[in-house]
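Take a walk through this two-chain model. Keep the sequence and the 3D view side by side as you read.

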Amino acid sequence: MTDLSQAQVRERIEQSLARRHRKEKLFRGLGIASIAFGVLAVLVLFTDIISKGSGAFVQTAVQLEVTYDAAELGIDTVDEESLTWANFTGVVREALRERFPDVSGRSEKRELYSLVSTGAPFTLRDRLAANPELLGKTEKVWFAADDDVDTFYKSLDDSAGGFRGRTSERMAGWVEQLAESGELKKRFNTTFFTNGDSREPEQAGIRAALVGSLLTLLVTLALSFPIGVAAAIYLEEFAPRNRWTDLIEVNINNLAAVPSIVFGLLGLAIFINFFELPRSAPLVGGLVLTLMTLPTIIISSRAALKSVPPSIREAAMGMGASRMQVVLHHVLPLAMPGMLTGAIIGMAQALGETAPLLMIGMVAFIVDVPGGVTDPATVLPVQIFLWADSPERAFVEKTSAAIMVLLSVLIVMNASAVWLRKKLERRW
Amino acid sequence: MNKRPVSKILASSLAVLTVAASQAAMAARDHISIVGSSTVYPFTTTVAERFSRATQFKTPVVESTGTGGGMKLFCQGVGEGTADITGASRRIKQSELEMCNENGVDVVEVQVGYDGIVLANARSAKRYNLSRKDIFLALAKEVPNPDGSETLVANPYKTWKDVNPALPNTRIEVLGPPPTSGTRDAFVELAMEGGCKKFGWIAAKKSEDKNAYKAICHNIREDGAYVEAGENDNLIVNKLVANPDALGVFGFSFLDQNSDKVQGSVIEGEQPTFDSIADQSYPVSRPLFIYVKKQHADVIPGMKQFLAEFTSERAWGEDGYLADKGMIPLPEERREQVAQNVRKMNALGNLAKKQ
């Protein structure tokens, strides 16, 4: 070996160098390929969801000339009581008959009436309630079209041609006629953001589920963050290391891996059956999700506490601080960014949960926007699940749109985690 | 000394919790609580929404728990914490009724309509023309020996043509719901058992050995010809479009909404249509029920009005809004009879006595 000439040595090194470079290239290539695969998967998912869901943000509307005829409505004055039983349906139907005067026969009329949403009378009621002087007057009002009409009109742009499905030949004719004269158009769908769930896709909205999700998360955060942080501080800074604390640590790690439905069953048994809290309430949902996110928060908080260098503690002690002062004045502020990140990731996880909520009655049809933590409510992922399961065709795009809303809430939460970390982080 | 901040935080969170809890327990329930079948869910929710709009009552909360799960919640007992109404895509079982009665619950049965179960395929393929016997032979785990002897063999049929020479030569592949689904129960009972009974010697077993009879008629093959495609019927519809050779099992309302994509197979000469299900000529249809807790009728605000809305002509009538949603109405006399029973709130006694 020692008699190798310098040239030989150089040659050998160059050979091995080439091999090592090749290996490194391959390794890098693999890394890039796996990232590319991930990006591709996300892109496919997003394009699919966005292409399916973007339609839900616009809504087909029909303009009709309505007369607030006191006789037809059956009221003399506009007050709260008369508004509840006034015959707005009759007024809407009258307006439709006037627009298409040559429609006769029962089935033909039924088809005509089904052009506009069953929510149209309530649109009128709200208008009249807001402007009582309209009584007896005539005005042009835009109404949401029925979901079948909406689906048909939107599908006209598709390459495959119009989806007739539940719209008859005659109805399609009316739709074309209205569209030509500008009495039918697509408009931004505000209903989707202002309404709760509805059986009629054109009136269904995300608001109740969004508020329900926020209330639930609020309860979860208010309980799990202080409890989690307190537990982590005690375990990390004060507790003696013995068999008991080891046991607790194993249990916490175990709980983090328990399927979430188990927490739902526990919540049903304890909060609803024993404490008799109301079903379907964000309070109970928040309690169950607290149980679920606690281990995540404790584990990440402990990691954050561990990452604070011991020199800080020692310096503070050297200055005569008590252990509590060390923790509260020095360690906790430094560990806070890590704890907050952990908490936000735990919250994001809780936001996407449906399984434990099934047991406590939050997989439910909720029309009214919840006003407090004890009102019946549902959450975003449950709303997505319920819409995905609905027969009505128009719910397909609503489902994807709801997924987009959920994703944007998640993105905001995760981005704020990154931002908080950047802002509060201290490097040594 | 050291533990003070921890215990302070703990104590304050606990205080928040107890205050919230006691407030919740004190507030009386002012909305109707409905649980039960996911098949009845679209209809109860429709009525719930219309009801709350037409009246001053709060919108009932409707949970989709499945028929069996709903019964459990419903029969738990009487009181504000329990459900007022449960939806069912089959009749209440004797065992469930007993559980209800044991817990002091008086049950009022309301049959609200019918639901058809369809066997559909993609429009790009030819429409199937089946009998219930074909369905049984194609999907049962064990079928009568093809040589005609009265014995059973493991299902040997690979293609529809093997089952019945008049059918196309495509592989048997049926996408359907899993055993936890009410749709599956009804499909097995109505289509499979309906075909199974056509064999005289199997039908004869019903009186001798009920369990053996059930095992023959209700067991679906597990060799891949029947694919459990999950509870989501929309998913099955989409899979059918992607695979024109397959058939799918789902509720009529999904066929109604997706008539541009899939077509319902003809069963015993009848296409699944609104009318053929309503007049019972289409053989695979099941009744839908809601069960009402009698004790709650006068206690929970709006119960009577809700039931009146559900059983009104504009809801469940032939031209009612529930028909629009895909529920098949009962015949007129039956509607009147049921509505009257609801007004009187006649509780269900023994199941064997009725019908």
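How far apart do the C-alpha centres of domain 1 of chain B and domain 2 of chain B lie? They lie 30 Å apart. Bear in mind that the model is predicted.

Domain 1 of chain B takes two stretches, 30-115 and 287-344. Domain 2 of chain B covers 116-285. The two domains do touch: 13 residues of domain 1 of chain B are in contact with 13 residues of domain 2 of chain B. On the domain 1 side of that boundary, the residues split into 4 nonpolar, 6 polar and 3 charged.

Now take chain B as a whole. Its secondary structure amounts to 16 helices and 13 strands. The C-alpha trace of chain B spans about 80 × 65 × 45 Å along its principal axes. Chain B has 355 residues, and 43% of them count as buried. Contacts in chain B can also be sorted by sequence separation. Among those with a separation of 6 or more, 72% join residues 24 or more positions apart.

Turn to chain A. Chain A holds 18 helices and 4 strands. The globule rule gives 22 Å for its 428 residues, but the radius of gyration of chain A is 31 Å, well over that value, so chain A is more spread out than a compact globule. The box around its C-alpha atoms is roughly 105 × 70 × 35 Å, taken along the principal axes. Of the 428 residues of chain A, 40% count as buried. Residues 24 or more positions apart supply 75% of the contacts in chain A with a separation of 6 or more.

Next, look at the sheet in chain A. Three strands make an open sheet in the order 2-1-3, with antiparallel pairing. Why is one side of strand 2 and of strand 3 of chain A left without a neighbour in the sheet? Strand 2 (138-144) and strand 3 (184-188) of chain A stand at the edges and have a single partner strand each, so one side of each has no neighbour there. From one strand to the next, the twist averages 40°.

Zoom in on one pairing within this sheet. Strand 1 (residues 58-67) of chain A and strand 3 of chain A run antiparallel and are joined by 5 bridges. In this pairing, V62(A) stands opposite L184(A) of strand 3.

Finally, bring the chains together. At the interface, 42 residues of chain B are in contact with 43 residues of chain A. Which elements of chain B give two or more residues to the side that touches chain A? They are helix 1 (4-26), helix 2 (41-54), strand 2 (61-63) and helix 11 (252-257) of chain B. Helix 1 of chain B gives the most, with 11 residues. By class, this side of chain B has 15 nonpolar, 19 polar and 8 charged residues.

Strand 4 (residues 364-365) of chain A pairs with strand 2 of chain B in the antiparallel sense, over 2 bridges. To find the spot, look for A364(A), which stands opposite E63(B) in strand 2 of chain B.

Note on methods: Residues are numbered from 1 along each chain as its sequence is written. Chains are lettered from A and ligands numbered from 1 in the order in which they are written. This is a predicted model: local features need pLDDT of at least 70, side-chain atom pairs count only at pLDDT 80 or more; totals for chains, interfaces and linings use all residues. A residue is buried if 20 or more other C-beta atoms lie within 10 Å of its own, exposed if 12 or fewer, and partly exposed in between; C-beta atoms are placed from the backbone. Two residues are in contact if their C-beta atoms, placed from the backbone, lie within 7 Å. Ala, Val, Leu, Ile, Met, Phe, Trp, Tyr, Cys and Pro count as nonpolar, Asp, Glu, Lys and Arg as charged, and the others, Gly among them, as polar. Two strands pair if DSSP finds at least two bridges between them. Domain bounds come from an automatic or database domain assignment. The radius of gyration is taken over C-alpha atoms; the globule rule is 2.2 Å times the number of residues to the power 0.38. Axes are lines fitted to C-alpha atoms, for helices over the stretch in contact, and angles run from 0 to 180 degrees between N-to-C directions.
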